[in-house]
Amino acid sequence: MVDFDDALSRFRQIFDQSKILDSPDLKNILIVLDETKSREEFIFHLIKQFHERWGSKATFTFLLAVRGYLEQAKKARIKLETLPILIEKVNQEFYGEDELFNVAFFTDEEKSPFYRIEEILKQRKIDFIIIPVPFTLFAFEEKQLNTSLGTTIDSVINICLMENFIPIFLVRHTQKVPFDNIKVLVRESMFRRDFLGWLFALISEDAKVTLYISELSENEIERVKMYMEIIEEKLKKFTQDFRIEFMDGQFALVEFCNLMSKEADALVVFQALKKIENDAQRITLSLCNQASNVLIFPPLG
Amino acid sequence: MTAILELLIASFFILTLLLIIFERTHKTLAAMLGAGLSLLVAITPGSVSNGEALIPDIEHLLELIEIDLILVIIGITLMVGVARTTGIFDYITIFLLKKSGDNQYKLLIAFSLLTMLFSAFLDAYMAILLMGSITIVGCDALDINPKPFILAEAIFSNLGGTMTRIASPPNLIIGGHFDIDFITFLLLTAPFVLISAVFTIFIWGFLFRKDLSQGISSLSYNEVLLIDERTVIQDQNGFKIAALVMTFTIIGFAITSFLPFKLELGYVAMAGGFLMVGLVGSDVEKSLEKVEWSVVFFLIGLLIIVGIAERANLLDLLIFPVEALFKIDLLFGVLSLQWINAFASSALDNVPVASVMTVIMDSLLEHYPTLSFNSLLVAVVIGTNLGGNITPIGSASSVQALTILKRSDNLEARTTFIEFVKFGILVTLIHLIIGTFYLSFLWIFRI
């Protein structure tokens with residue numbers, strides 16, 4: 001029966017790989033803060049939302065990544081919150097949730113923000129990163145240009161998203177949570193099998209999810225449609241008012257992001273691709289022109 | 001002296017059969033032990049009445065072992081085992097599941113026929129193993145009971161095993177002994193197998209109507225449709241080469257029937273197996289592990305024991321009662337032989353039954369020149385292969401099927417020995433009745 005067991009486990013693996021999951025397997029979430037208050041509020045609401053919907057016992061790691069810019073802040077007469085105040089705020093926000101929110105703080109005194117992010121990635125397996133964009137109030141230090149989202153964010157996209165396969169949530173501005181308008185660019189027919197879980201965490205009861213198809217073949221589009229039908233059917237158990245709509249035509253990432261520049265209230269979602277050689281660069285360039293909050297899934301491994 | 005040695009050979013023969021029947025030890029070990037002991041006696045001068053040895057030299061020993069049969073098994077198991085590593089069979093099964101998984105009856109037909117084809121042209125052991133595993137996982141995904149499917153696969157594996165000369169060890173023994181070509185064998189058995197397959201599907205549909213009539217939820221089926229069967233392909237080139245080598249090997253088997261010179265099936269099988277290893281198998285050690293060495297040595301051992309027993313004229317005791325049936329009427333004898341074989345194979349391993357049967361057939365053909373060889377052959381092939389469906393211990397496929405169901409997480413799927421016998425007897429009776437009509441047809445029309 002050894003051969004049978006081998007064959008059985010191989011088939012189980014293949015079937016499991018395609019199974020639609022109700023929730024993503026997230027254990028460690030890294031929240032990078034740059035002390036822009038309004039976005040910080042939004043981030044706190046966002047993680048509360050994730051926690052409520054997934055009911056997970058994820059560990060939240062807070063990185064106060066702008067401490068290295070303390071001198072510049074003083075010069076600019078910008079008051080930065082001190083660490084004890086932030087700790088108090090987190091405790092107030094998640095009062096009674098201490099066991100669920102295993103909060104760890106990292107402060108950055110000297111090194112660059114991304115250096116600290118990398119340090120954390122080495123210490124613990126991070127499954128999701130939430131980070132404000134543009135990062136910090138100090139655009140000059142971040143060398144933010146027309147072709148860049150700033151050195152920290154560019155590195156997060158290049159290293160965390162593309163190489164470490166970590167989903168990232170780029171927070172541009174404060175927004176109502178849960179989301180009622182989600183715009184998804186489907187760039188690969190083998191879409192994330194935990195997408196249902198992400199939607200479940202993000203959407204309001206009357207949310208509208210609009211799907212834009214990237215350059216896919218007829219067969220791949222059929223597959224995506226079938227996939228979305230299953231998701232819609234499963235989400236109907238949660239809310240009857242939820243809708244999924246397909247946009248006609250096909251959209252490249254740049255084109256999609258240009259369209260989204262007029263949709264600041266939407267949450268933009270797409271997946272990075274490994275098969276495109278310079279996709280990180282393409283993502284950075286595309287995002288320079290739009291102002292929405294963005295959830296980017298890593299390429300399939 | 002000769003009488004004592006003959007008595008020893010007879011004792012070893014019976015002891016080996018008993019060990020195989022009662023499974024007190026691994027059947028290969030029993031066959032090898034029996035063969036070793038019998039050989040010790042057979043090489044002793046004086047083991048025949050003229051003072052010579054029964055097996056005086058290696059040439060006489062090699063005559064007992066059907067080398068072609070051994071080469072077919074080594075070649076096919078090597079070819080199929082290495083081809084499996086490319087993901088080709090996983091791809092086919094998932095593809096079929098996606099095409100037929102929206103309806104249980106469709107799925108039953110698709111899986112049963114695929115099991116039959118795999119068994120007929122490739123390897124019955126691989127067929128039940130592969131189909132059993134995809135059935136368990138597929139039924140789990142579709143939220144249906146796997147029992148009707150697994151049991152049907154065991155039956156169809158044995159049906160497929162009846163169809164070609166290379167499909168089962170009994171066919172290899174009988175086909176090899178009488179030197180029947182691949183196409184002639186197929187033409188003689190395929191009509192019976194196809195008619196029986198159609199009947200079996202209908203019977204199965206009726207017996208399991210409660211399970212099979214239950215609908216499959218579109219949600220579950222759509223989730224199965226999302227599986228990308230291409231992900232099982234380990235190596236694109238290897239996949240294509242494996243498909244080509246297997247196709248050409250099967251065509252090669254068929255072509256040997258039309259050649260103006262003699263080309264053994266073992267040669268084709270070995271060519272296919274070696275080509276597969278050379279072109280696809282990256283690891284020679286692992287590739288060689290794919291050969292079913294246990295089956296190979298079981299057959300070698302058994303052929304030696306039966307061959308020595310035959311040379312010592314010990315099998316005459318088995319020939320006389322069978323010949324008595326033929327004395328009544330030749331057609332009656334042929335039909336009886338099918339039924340006797342079936343019941344013998346249900347309790348015994350069908351390989352020794354087939355091996356002994358070749359000796360009986362030789363004797364019958366010698367004593368009854370008007371006896372239709374084709375009818376006799378088909379009677380023995382049907383009986384030996386399908387008798388295994390009566391009990392779960394009657395064939396390797398049935399044993400596998402029952403074990404798979406016993407280990408299933410789905411409580412509805414669990415099947416007892418008695419339950420298997422209930423279905424097995426019914427189906428085998430129907431097959432044997434169809435066989436009776438089919439043999440009569442062959443006899444009457446002198447085919």
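**Note on a predicted two-chain model**

1. A:Ile129 is in contact with A:Leu30, A:Val32, A:Val156, A:Cys160, A:Ile166 and A:Ile168, leaving aside residues up to four places away in sequence. The model discussed here is a predicted one.

2. Together with A:Ile131, A:Ile129 has the most contacts inside the largest nonpolar core, which has 212 residues. The element that gives the most to this core is helix α7 of chain B, residues 124-142, with 13 residues.

3. The reader may next consider chain A as a whole. Its secondary structure comprises 11 helices and 10 strands. Of the 301 residues in chain A, 36% are buried. When contacts in chain A between residues at least 6 apart in sequence are considered, 83% of them join residues at least 24 apart.

4. The contact between the chains takes 21 residues from chain A and 20 residues from chain B. On the side of chain B, two or more residues come from each of α7, α12 (218-225) and α21 (396-406) of chain B. Of the elements on this side, α7(B) gives the most, with eight residues. By class, the side of chain B that touches chain A has 12 nonpolar, five polar and three charged residues.

5. Chain B is divided into domain 1 (1-63) and domain 2 (67-168 + 182-293). The C-alpha centres of these two domains of chain B are 37 Å apart.

6. Helix α19 of chain B deserves a separate point. It covers residues 350-367, 18 residues in total, and spans 25 Å from its first C-alpha to its last, close to the 26 Å expected at 1.5 Å a residue. Its buried residues include B:Asn350, B:Val353, B:Met357, B:Ile360 and B:Leu364. Among the elements that cover the buried residues of α19(B) are α1 (2-22), α9 (169-178), α16 (293-311) and α20 (373-386) of chain B.

Note on methods. Residues are numbered from 1 along each chain as its sequence is written. Chains are lettered from A and ligands numbered from 1 in the order in which they are written. This is a predicted model: local features need pLDDT of at least 70, side-chain atom pairs count only at pLDDT 80 or more; totals for chains, interfaces and linings use all residues. A nonpolar core is a set of buried Ala, Val, Leu, Ile, Met, Phe, Trp, Tyr and Cys residues joined through C-beta atoms within 7 Å. A residue is buried if 20 or more other C-beta atoms lie within 10 Å of its own, exposed if 12 or fewer, and partly exposed in between; C-beta atoms are placed from the backbone. Helices (H or I, at least four residues) and strands (E, at least two) are DSSP runs, numbered from the N terminus. Two residues are in contact if their C-beta atoms, placed from the backbone, lie within 7 Å. Ala, Val, Leu, Ile, Met, Phe, Trp, Tyr, Cys and Pro count as nonpolar, Asp, Glu, Lys and Arg as charged, and the others, Gly among them, as polar. Domain bounds come from an automatic or database domain assignment. The expected span of a helix is 1.5 Å times one less than its number of residues.
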